[in-house]
Amino acid sequence: KTNAFEWLLTIPNFGVEFDLVNSPYNQMTVGLTAKYNWNTYHKLQPPVVFNLLDVRPEFRYYYRTTERKAANSSDEKTKMSAKEWFDTKIFTTERKNARPWRAQYIGAYINYASYTFKLSETGIQGHVIGLGASAGYDIPMYQYKSGAIDVELGFSVGLQMATKEKFKHN
């Protein structure tokens, strides 16, 4: 897999994802994504430097929603506790308007990055280590015998520790 938005930012990237469970509805995967834009060749020292190396292993759990069974009208009017409401309305894969063709995912990741950025006279460089959680949708665009082309929309939230040092070119 690859990230088209990062290619627009001139950051080459690629990723691989392997299935741990072979099921079309509830699927667990382990993946590795890498971004690499480092030390491009120049005869003279460039005024702008944008070097990045980022490696991110990730575990994901994909699931699909199913149609909610019709409830009795007496069940609808019965007062539910907060826990029952969360279990039946939020933390379930049963939905009133299910979209089983679209997969949703939640996951956890760790990452390591090394960077060098110089946009003005002074640049910064350092290393990053982080961990976090991700969530999103995987929407199929085109399927063929041994794979598919999908659009993935998601977000990640996490904590990162970074080192930073300033530098100037002579």
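Visitor: What makes Arg56 count as lying over the face of Tyr109?

Guide: Arg56 is 3.7 Å from the ring centre of Tyr109. A charge sits over a ring if NZ of Lys or CZ of Arg is within 6 Å of the ring centre and within 35 degrees of the ring normal. Arg60 does likewise, with its charged end over the ring of Tyr105, 4.0 Å from the centre. Please keep in mind that this is a predicted model, where local features need pLDDT of at least 70, side-chain atom pairs count only at pLDDT 80 or more, and totals for chains, interfaces and linings use all residues. Residues are numbered from 1 along each chain as its sequence is written, and side-chain values use heavy atoms, leaving out hydrogens and water.

Visitor: How many aromatic pairs are there in the whole structure, and why is the pair of Tyr61 and Tyr63 called stacked?

Guide: A search of the whole structure gives five aromatic pairs. Tyr61 and Tyr63 have ring centres 6.0 Å apart and planes at 25°, so they are stacked. Rings of Phe, Tyr and Trp (its six-membered ring) pair if their centres lie within 6.5 Å; planes under 30 degrees apart are stacked, over 60 edge-to-face, and the rest tilted.

Visitor: How do you know whether Tyr63 is buried or exposed?

Guide: Its relative accessibility is 19%, so Tyr63 counts as buried. Buried means under 20% relative accessible area, exposed over 50%, and partly exposed in between (1.4 Å probe, protein chains only). Tyr61, at 28%, is therefore partly exposed.

Visitor: What about Tyr115?

Guide: Tyr115 has a relative accessible area of 10%, so it is buried. Together with Phe50 and Phe117, Tyr115 forms one aromatic cluster.
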